[in-house]
Amino acid sequence: MKNRSILFAAAALGLVALSAAQAQEEKPAPVPFAGGTLTITQTEEYGEKTLSFDGKELAKAYFVYFNGIVKVGGTDVALFDTGDGGNACGPAKVMVWKPEGQDVQRASIGEGDCGAPPAGVSDDAIYFVPWLLPGASGEVKKWSPQTGFALAGKLSYTPDPGTGWGDLDPAKFDNIIDAFHNEAVYGEAKKLLGDGLTEMATSLLVGGGTEKTKSGIAYARGCIPHACGGGDGFMAIDTKGKKLYFARQTDKAQPDAWPALKIWPGELREAMKTALAPPQ
């Protein structure tokens, strides 16, 4: 796909992002739109919210948030986030527009699919660009009131070109999966894990910064979002030795490990066992 599509999505306009004030708003104000009014109503205190245009229902979910109005291909489009909450998924995106002389229309992406990719607005389309895990690839979709949804291109996770072991500073990682941005680390991880790289990265998603063994090997434990305690992951980076170590919990006594546990440094093996030990 063209680079400009990625840039539009990466720079997703502030009005497309949900603000904290909107998230806390109990009674959203009516929104004048296309000669009518968009409203978000809720009949039961803990029930679903309904998005309507002049009384015509457009969407219903446990949360409905108004993002803003943008112009796409010369047409005003109102953007909303909708979802049911508590399902470990991001919101769906709902687009509302009214062609001249016709009834109001709506389109959506992410409903039933665990949320929509982040949206970025250009003059002629809205682009939906997926956030990729190491080893993964995904489709970039675009939408406009005139043409609907279309494939804009495909993305594959790619590390920063030309980066090597000497560029690593694990102490600065917010999460150890930040290491995969490094080309040398990514290449070594692919050698060790092959097609299992994305699954391993998923097991590390929920985590914090790194710790160090006495010899200076950086390591961290992580877990699968909303599923901690089952299939938790462990990753270690030996920047001096230019080596990686991975382990993941299983239903067996020993975790799966890459490379084999018997060739891990003793101190690192103990750190891994402690990190992945079930809570007492």
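Is Asp 232 buried or exposed, and what is its relative accessible area? Asp 232 is buried, with a relative accessible area of 1%, where buried stands for under 20% relative accessible area, exposed for over 50% and partly exposed for the range in between (1.4 Å probe, protein chains only). The structure is a predicted model, in which local features need pLDDT of at least 70 and side-chain atom pairs count only at pLDDT 80 or more, while totals for chains, interfaces and linings use all residues. Residues are numbered from 1 along each chain as its sequence is written, and side-chain values use heavy atoms, with hydrogens and water left out.

Asp 232 forms a salt bridge with Arg 221, the closest N and O atoms being 2.2 Å apart; a salt bridge requires a side-chain nitrogen of Lys or Arg within 4 Å of a carboxyl oxygen of Asp or Glu. The pair links distant parts of the chain, with Arg 221 in strand β14 (218-222) and Asp 232 eleven residues away in the loop between β14 and β15. Helices (H or I, at least four residues) and strands (E, at least two) are DSSP runs, numbered from the N terminus. Arg 221 is partly exposed, at 33% relative accessibility. The count of salt bridges comes to eight. Among them, Lys 71 and Asp 76 meet at 2.9 Å, N to O, and Asp 76 is partly exposed at 38% relative accessibility. Lys 60 and Glu 57 are joined at 4.0 Å, N to O. Relative accessible areas are 43% for Lys 60 and 46% for Glu 57, and each counts as partly exposed.

Thr 50 is located in strand β3 (residues 49-53) and is buried, with a relative accessible area of 14%.

The largest nonpolar core has 29 residues, and Phe 180, Val 185, Met 235, Ile 237, Leu 244 and Phe 246 have the most contacts inside it. Such a core is a set of buried Ala, Val, Leu, Ile, Met, Phe, Trp, Tyr and Cys residues joined through side-chain atoms within 4.5 Å. At least two residues of this core come from each of α3 (183-193), α4 (197-202), β15 (233-238) and β16 (243-248). The most is given by α3, with five residues. Apart from this core lies another, of 15 residues, including Phe 33, Phe 53, Leu 58 and Phe 80.

Eleven aromatic pairs are present; rings of Phe, Tyr and Trp (its six-membered ring) pair if their centres lie within 6.5 Å, planes under 30 degrees apart being stacked, over 60 edge-to-face and the rest tilted. Phe 33 and Phe 53 form an edge-to-face pair, at 6.4 Å centre to centre and 90° between the planes. Phe 33 belongs to strand β1 (residues 31-33) and Phe 53 to strand β3, 20 residues apart. Phe 128 and Phe 149 form a tilted pair, at 6.4 Å and 45°. Phe 128 is buried at 1%, whereas Phe 149 is partly exposed at 36%.

Four strands form an open antiparallel sheet in the order β9-β10-β11-β12, pairing of two strands requiring at least two DSSP bridges between them.
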